[in-house]
Amino acid sequence: MSEIRIVIAGAGLAGLTLAHYLHRHGIQVTVYERDNGLSAREAGYRVHINSTGTSALHAALEPRSWELFLATCGMPDDDMLLFDEQLTPRPPRDKAASKGTGAPAEIPEHLAVCRSTLRRILFLGLEDVVHFGAKVTGYRSNPDSTVTALLEDGGTAEADLLVAADGINSAVRAQRLPQVRVADLGARSIAAKIPLTAETKAKLPAQLYNAFSMAYDGDFTGLTLGPLDRTDPHSPLITRQDPEFRQEARENYALSIFNSTVEHMLPDAELFGAGPDELKAYVLRRLATWHPALVGIVRLWDTATVQALAVRSCVPVATWEPSAVTVMGDAIHAMSPALGIGANTALRDAHVLGSRLLAAAHGDTTLLGGTAAYEESMREYAYRALRKSAFVGQQVIGHLPLPE
Ligand SMILES: Cc1cc2nc3c(=O)[nH]c(=O)nc-3n(C[C@H](O)[C@H](O)[C@H](O)COP(=O)(O)OP(=O)(O)OC[C@H]3O[C@@H](n4cnc5c(N)ncnc54)[C@H](O)[C@@H]3O)c2cc1C
């Protein structure tokens, strides 16, 4: 096997899954993450993972970590139920749109996953691979076709391939593909978690409990509820982890998101300047005439977890020539959240790129050839997912179409 050195910018789901896959197959990989640790920034939220995502995770994780993943995720009944603001069911959404590519067959198509717990699982065994507090600011291309990643603290890291997995505001993508634009889709969200206890469960509408649900009115003001009820919180595999991991992996919660188009939402300066309690009070005012059970959901929001978000999407660009710097995940195809497939597509990148790099390490292709094959395939499936998400988001969230 030839010695190739891979440097990844960003330890999100995409970067960590790729790192895990490469490390498992004996390929030299180093990850630079700007945050000081896994729990530095986020409160941790629930993501819907379909069979595209589970296939990628199954390929990356060792059997024990895979079992840990299954124990810490939830297996809800259905993918999405739709209602109006008085909790009258709307026609069901086309489920095929959020379905994955299939396999592994022994688990359900749709899983509810805590992003933070999944990152902790992906980090297991990568303690010497991931460097925290290491912001990548850009790179330098070298005459010998290698690349040097540049770190904010003045450090550098040489690689045969630099992978931009540093999210929607990617510094590496900005240098590699300056033509990529990130569009504001003109919708805003206020998200929060609800701790799921016997008491809070009893207060949630029964028909919304075991599925991802969304209620929205004629102005596209919407409220979602996505419970995460972990499959096996008392698994011995969890007991073996550190106290922070154990505590998190035993907490059930629901993610609830209020969304509205910018015309109906607080102006950005107020929205992003408001404290969590003000945001929660604002949502309660906005929903004053809605069905009491839906208002009750917002009353259960844990105020400490309330945060405002903008709905943005990358805009697809034309084919580019491969080089020693490539892109994956939200860094190249951040998309409307309407279908819940952004993370799944990022995981697919890790699967596809990982297997191409393995082929290059085995001498079955060149590194540049493997990168080119990944990019060609990624542009096809990821841009399709991005366009489909934008289209469905227009219908359900009422956001703007993707700019040309
Ligand atoms: C509320 C919410 C709900 C969602 N629900 C779903 C869902 O149900 N299903 C789904 O498929 N998708 C969902 N998504 C989308 C999904 O979370 C993203 O598509 C996915 O996390 C992208 O992963 P990523 O690794 O590419 O990027 P990110 O998760 O953004 O990770 C990027 C990483 O890079 C680090 N970084 C950034 N800049 C630098 C730098 N300069 N140097 C070093 N490190 C850097 C960041 O700190 C971060 O750790 C949701 C998103 C949100 C916000």
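Me: Into which domains is the chain of this predicted model divided?

Reply: The model is predicted. Its chain is divided into domain 1, made of 5–75 + 111–183 + 312–396, and domain 2, made of 184–311. The centres of the two domains, taken over C-alpha atoms, are separated by 26 Å.

Me: What makes up the contact between the two domains?

Reply: Domain 1 gives 27 residues to the contact and domain 2 gives 24 residues. On the side of domain 1 that touches domain 2, at least two residues each come from β3 (46–49), α3 (63–72), β5 (111–114), α4, β15 (307–314) and α15 (367–396). The largest share of that side, six residues, belongs to α3. Sorted by class, that side holds twelve nonpolar, ten polar and five charged residues.

Me: How do you know that the span of helix α1 agrees with what its number of residues leads one to expect?

Reply: Helix α1 covers residues 13–24, which is twelve residues. The expected span is 1.5 Å times one less than the number of residues, and for α1 this comes to 16 Å. The end C-alpha atoms of α1 are 16 Å apart, so the two values agree.

Me: Why is α1 called mostly covered?

Reply: A residue counts as buried if 20 or more other C-beta atoms lie within 10 Å of its own. Ten of the twelve residues of α1 are buried, so by this definition the helix is mostly covered. The buried residues are L13, A14, G15, L16, T17, L18, A19, H20, Y21 and L22. Among the elements that cover them are β1 (5–9), β2 (28–32), α2 (51–60) and α14 (342–361). After α1 comes G26, with a positive phi near 75°.

Me: What makes α4 a mostly covered helix?

Reply: Seven of the nine residues of α4 are buried. They are T117, L118, R119, R120, I121, L122 and F123. These buried residues pack against α1, α3, β5, β6 (130–131) and α9 (243–249). G125, which follows α4, has a positive phi near 90°.

Me: Why is strand β14 described as largely enclosed?

Reply: Strand β14 runs over residues 253–261, and seven of its nine residues are buried, so the rest of the structure largely encloses it.

Me: How do you know that β14 pairs with β11 and with β13?

Reply: Two strands pair if there are at least two bridges between them. Strand β11 (residues 182–195) and β14 have nine bridges, in the antiparallel sense, and strand β13 (residues 222–228) and β14 have seven bridges, also antiparallel. Both pairs therefore meet the definition. Within β14, Y253 is the bridge partner of P195, and S256 is the bridge partner of L225.

Me: What makes β8 and β9 a pair of strands?

Reply: Strand β8 (residues 147–151) and strand β9 (residues 156–159) are joined by four antiparallel bridges, where at least two are needed, so they count as a pair. In β9, A159 is the bridge partner of V147. The hairpin of β8 and β9 has four residues between the strands, and G154 there takes a positive phi near 95°.

Me: Which residues have the most contacts inside the largest nonpolar core?

Reply: They are I6, I8, A9, L18, L162, V163 and M328, in a core of 117 residues. The largest share of this core, ten residues, comes from α14. At least three residues are drawn from each of domain 1 and domain 2. Leaving aside neighbours within four places in sequence, A9 is in contact with residues including Y32, V136, L162 and V163.

Terms used
Residues are numbered from 1 along each chain as its sequence is written. This is a predicted model: local features need pLDDT of at least 70, side-chain atom pairs count only at pLDDT 80 or more; totals for chains, interfaces and linings use all residues. Two residues are in contact if their C-beta atoms, placed from the backbone, lie within 7 Å. A nonpolar core is a set of buried Ala, Val, Leu, Ile, Met, Phe, Trp, Tyr and Cys residues joined through C-beta atoms within 7 Å. Domain bounds come from an automatic or database domain assignment. Ala, Val, Leu, Ile, Met, Phe, Trp, Tyr, Cys and Pro count as nonpolar, Asp, Glu, Lys and Arg as charged, and the others, Gly among them, as polar.
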